[in-house]
Amino acid sequence: MSYMALYRKYRPQNFSDVKGQDAIVATIRNQIEAERIAHAYLFCGTRGTGKTTIAKIFAKAVNCEHPVEGSPCGECASCQAIAAGTSMNVIEIDAASNNGVDNIREIRDEVTYAPTEGKYKVYIIDEVHMLSIGAFNALLKTLEEPPSYVIFILATTEAHKIPVTILSRCQRYDFHRISVDVISERLNELLEHERAEAEEKAVRYIAKAADGAMRDALSLLDQCMAFYMGQKLTYDHVLEVLGAVDTERFSGIFRAVINHDVLTAMHQIEQLVGEGRDLSQFVNDFTWYLRNLLLLQSSDDMEDVLDISSENLKLLKEECNMTNSMELIRYIHIFSELSNQVRYSTQKRILIEIAVIKLCRPQMEEDVSSILSRMEQLEKKIENGVQPVVSVASKSDVVPTEHTVKESMPMPKAISEDIRQIVANWRNIVAQMPGSYSVFMKKAHLSIGENDVLMIVLDDAIVCEMLSEEERQAEIIEHISNSIGKEVQIQIRWNDTGEPFEKAYVDLEQMIHTEIEYEDFLD
């Protein structure tokens, strides 16, 4: 016999097996027992919450020969025929592929014939929002005044797309997302039936990843069990199969962010990519991680709200005191925007790296929250005894005159002839560089570092990170050295001061070009 997926194998066959929709089940059972059955129902809710399942149980219950407290017996000929899909009294229609006027007209013609067996004809129209306007109009009259033996059950995930004229003719039931506790309990029951073992932490993660959908939870469990057939399912196994990220990794990235350590954060993302983790899932999970930190920071009584282990809770309590609420809100805002961007992007990694750099470098942004973050950083530096740098007018802002050029623009003794030669010929050197190096270096600025090292300053953090890699930096050094015939030392730096280059660094190009102009003036 071929294998049957768990969500099909363990689909509820009566109302008592349905989990997480108690209010809806109780209402429908009461209607069946009291024989106050409506002619049209609308089941709304997200995927995998039991809409079609309850519709089929409902169809069995109203046609059952021996119902038990409003629930089908499952043993009579009618129940067995409906369960096997051979009953002529239950007609399932997929509106996604049968959404035309002609399809609805066929239904309208069929309802004139009474059922040959049982009491009711039940039409289950799945994804009913996919019907065309013409099809909805054709359904209106039949839906309003159907024969006494016909019941319509319309199921949809997008109720807002259904015309008001249809909504007003149906009893509406909204299926809510199923809680993690209910899903976990159901998964543990099925694991016992399958004689399989799993860690509680692994089961709860699957339940959480299902996002309130029981069917998704069963599919994920099926996938994990298939990958580790015959083994005990562990938390690490689940993370590996689902491409998810462990909480400790979130902790590492968060600590790098609050320490403004871009390099460590980039290494963490590199590891995620190398391990084949799902980057979209990472963005969503990290946003929830930040949300948990914010909740813990907001109140001491949030422990019951957070569905996490005691170990992770201890870690979160430690980290929630490392930053303030405004900063966490800024992080959440950036990652919430990112979750929409990465969904359809082919360059997920780049978008994530940019977002993490924004978290580490609030000076890259100009909104109120980032300005407050920069002020807080400055206050911490002052508390630690670091004096803030006061920006003064650059020498390039002073117009040289016959009396001031010689005094204001002498070449510093620390700058060697080699550096002067590179700066004077920089544009020619860049023009001869291959491919992308030439493009990036055209936007670079030149300054002087410690020990007479040529400093190449870039305004783009991502470009700086890329060119700072050992292999690329070696190629740049080799090209510059070949151009002047001497070995050189360079330092590639990102301008993270929040100020224009001319105000934050010594502009070698401006100084040397001014000196050349001055020498020409003297000649």
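Residues 24 or more positions apart account for 72% of the contacts with a separation of 6 or more in the protein, a contact being heavy atoms within 4.5 Å. The model is predicted, so local features need pLDDT of at least 70 and side-chain atom pairs count only at pLDDT 80 or more, while totals for chains, interfaces and linings use all residues. Residues are numbered from 1 along each chain as its sequence is written, and side-chain values use heavy atoms, with hydrogens and water left out. The secondary structure comprises 26 helices and eight strands, taken as DSSP runs numbered from the N terminus (helices H or I, at least four residues; strands E, at least two). Of the 523 residues, 44% count as buried; buried means under 20% relative accessible area, exposed over 50%, and partly exposed in between, with a 1.4 Å probe and protein chains only.

Five strands form an open sheet in the order β2-β3-β4-β1-β5, with parallel pairing; two strands pair if DSSP finds at least two bridges between them. The edge strands, each pairing on one side only, are β2 (90–94) and β5 (171–175). From one strand to the next, the twist averages 15 degrees. Within this sheet, strand β1 (residues 40–45) and strand β4 (residues 150–156) run parallel and are joined by five bridges. Leu-42 has Leu-154 of β4 as its bridge partner, and Cys-44 stands opposite Thr-156 in β4. Strand β3 (residues 121–126) is likewise parallel to β4, with five bridges between them; the bridge partner of Val-122 in β4 is Ile-151.

Strand β4 is mostly covered, with seven of its seven residues buried. The cover extends to both faces. Val-150, Phe-152, Leu-154 and Thr-156 are buried on one side, and Ile-151, Ile-153 and Ala-155 are buried on the other.

A further open sheet has three strands in the order β6-β7-β8, with mixed pairing. Here the edge strands are β6 and β8 (490–494), each of which pairs on one side only. The twist averages 30 degrees from one strand to the next. Four bridges pair β6 with β7 in the antiparallel sense, and Leu-446 stands opposite Ile-456 in β7.

Two residues of this sheet were examined individually. His-445 is found in strand β6 (residues 445–448) and is buried, because its relative accessible area is 18%. Its side chain is joined to that of Asp-459 by a polar contact of 3.2 Å. A polar contact is a pair of N or O atoms within 3.5 Å; within protein, one must be able to donate a hydrogen and the other to accept it, and residues adjacent in sequence count only if both atoms are side-chain atoms. Apart from neighbours within four places in sequence, His-445 is in contact with Met-455, Ile-456, Val-457, Asp-459 and Phe-501.

Met-455 lies in strand β7 (residues 454–458) and counts as buried, at 4% relative accessibility. The C-alpha atoms of Met-455 and His-445 are 8.2 Å apart in space, and the two residues are 10 residues apart in sequence. When residues up to four places away in sequence are not counted, Met-455 touches His-445, Leu-446, Ser-447, Ile-448, Gly-449, Gln-491, Arg-493 and Tyr-505.

Among the helices, the axes of α9 (residues 200–209) and α11 (residues 235–242) come within 7 Å and cross at roughly 30 degrees. Axes are lines fitted to C-alpha atoms, for helices over the stretch in contact, and angles run from 0 to 180 degrees between N-to-C directions. The crossing of α9 and α11 is right-handed, a crossing being right-handed if the near helix is turned clockwise from the far one by less than a right angle, and left-handed if anticlockwise. Helix α9 contributes Lys-201, Ala-202, Tyr-205, Ile-206 and Ala-209 to the contact, and α11 contributes Tyr-235, Val-238, Leu-239 and Leu-242. By class, the contact has eight nonpolar, no polar and one charged residues. Ala, Val, Leu, Ile, Met, Phe, Trp, Tyr, Cys and Pro count as nonpolar, Asp, Glu, Lys and Arg as charged, and the others, Gly among them, as polar.

Backbone angles were also considered. Most residues other than glycine have a negative phi. Glu-127, although not a glycine, has a positive phi of about 50 degrees. Glu-127 lies in the loop between β3 and α6 (133–144) and is partly exposed, with a relative accessible area of 22%. His-260, also not a glycine, has a positive phi of about 55 degrees. The loop between α12 (247–258) and α13 (262–274) holds His-260, which is partly exposed at a relative accessible area of 23%.
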